[in-house]
Amino acid sequence: MTDKFMQAAIEEARRGLAEGGIPIGSVLVIDGRIVARGHNRRVQNGSAILHAEMDCLENAGRLKASDYQRAVMYSTLSCCDMCSGAALLYKIPKIVIGENQTFQGPEDYMRSRGVKLEIQENAECIELMRAFIAAQPALWDEDIGED
């Protein structure tokens with residue numbers, strides 16, 4: 001069963017796909033409540049950096065360091081180097097990952113820096129990404145910096 005926060009991230013991923021983008025979603029939770037949502041909007045905004053987690057952090061606005069240090073970030077997919085770096089910068093202590101089968105970011109490095117990772121192997125997250133990668137391999141490669 002999918003928890004309500006991962007379900008919210010999946011809703012964001014589906015929103016991104018419906019907009020013609022890449023189906024990855026993220027939510028930021030502080031003290032048991034969602035304070036921000038985001039989805040990959042690189043295609044929609046012509047952006048180099050608006051991965052789901054970056055969009056989510058942007059939508060959170062300016063928070064205090066102590067807020068980030070109580071936060072949990074949920075992402076439908078394992079975080080890339082850029083998004084992992086943002087989580088490290090703001091000292092987000094825990095990231096819940098929907099799946100890491102279709103893409104795996106620097107998870108070992110994140111753990112070595114003290115970030116707790118919870119990998120859910122969520123079937124809906126896996127299927128969203130597998131279907132997207134099969135349908136749009138060039139766009140997926142662009143998103144992860146591949147040729």
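How much space lies in the largest cavity? About 100 Å³ lies there. The model is a predicted one.

**Exercise 1. The largest cavity**

Task: find which residues are closest to the centre of the largest cavity, and give the classes of its lining.

Solution. 
- Step 1. Count the cavities. The structure holds two of 30 Å³ or more.
- Step 2. Go to the centre of the largest one. Of its 14 lining residues, Ile-24, His-51, Leu-77, Ser-78 and Cys-80 are the closest to that centre.
- Step 3. Look for contributing helices. H3 and H8 each supply at least two residues of this lining.
- Step 4. Sort by class. The lining divides into nine nonpolar, three polar and two charged residues.

**Exercise 2. The second largest cavity**

Task: state the volume of the second largest cavity and describe its lining.

Solution. 
- Step 1. Take the volume. It is about 50 Å³.
- Step 2. Pick out the lining. Among the residues are Ser-78, Cys-79, Ser-84, Ile-95, Ile-97, Met-110 and Leu-117.
- Step 3. Assign elements. E4 and H6 each give at least two residues to this lining.
- Step 4. Sort by class. Six are nonpolar, three polar and one charged.
- Step 5. Ile-97 sits in strand E4. Its relative accessible area is 2%, under the 20% cut-off, so Ile-97 is buried.
- Step 6. Check a contact in space. The C-alpha atoms of Ile-97 and Ile-119 are 4.8 Å apart, while 22 residues separate the two in sequence.

**Exercise 3. Strand E3 and its partners**

Task: decide whether the faces of E3 are covered or open, and name the strands paired with E3.

Solution. 
- Step 1. Count buried residues. E3 spans residues 71-75, and five of its five residues are buried.
- Step 2. Separate the faces. In a regular strand, side chains alternate between the two faces of the sheet. In E3, one side carries Ala-71, Met-73 and Ser-75, and the other carries Val-72 and Tyr-74. Both faces are covered.
- Step 3. Find the antiparallel partner. E1 (residues 25-30) joins E3 through five bridges. Ser-26 stands opposite Ser-75.
- Step 4. Find the parallel partner. E4 (residues 94-97) pairs with E3 over four bridges. Val-72 has Lys-94 as its bridge partner.
- Step 5. The chain leaves E3, passes through helix H5 (residues 81-89) and reaches E4 in a right-handed β-α-β crossover.

**Exercise 4. The largest pocket**

Task: give the volume of the largest pocket and find which helix supplies the largest share of its lining.

Solution. 
- Step 1. Take the volume. About 190 Å³ of space lies in the pocket.
- Step 2. Identify lining residues. They include Ile-49, Met-54, Glu-58, Arg-62, Tyr-68 and Tyr-90.
- Step 3. Find the main source. Helix H3 (residues 52-60) gives the largest share, three residues.
- Step 4. Sort by class. Seven are nonpolar, one is polar and two are charged.

Key
Residues numbered from 1 in each chain as written. Predicted model: local features only at pLDDT ≥ 70, side-chain atom pairs only at ≥ 80, totals over all residues. Heavy atoms only, no water. Buried < 20%, exposed > 50% of the residue type's maximum accessible area, 1.4 Å probe, protein only. Pairing = 2+ DSSP bridges. Right-handed = clockwise from strand over helix to strand, strands pointing away. 1 Å grid on protein atoms, 1.4 Å probe; cavity = no way out; pocket = protein on both sides within 12 Å on 5 of 7 lines; lining within 4 Å. Points joined across faces, edges and corners; volume = space filled by probe spheres on them. Nonpolar A, V, L, I, M, F, W, Y, C, P; charged D, E, K, R; others polar.
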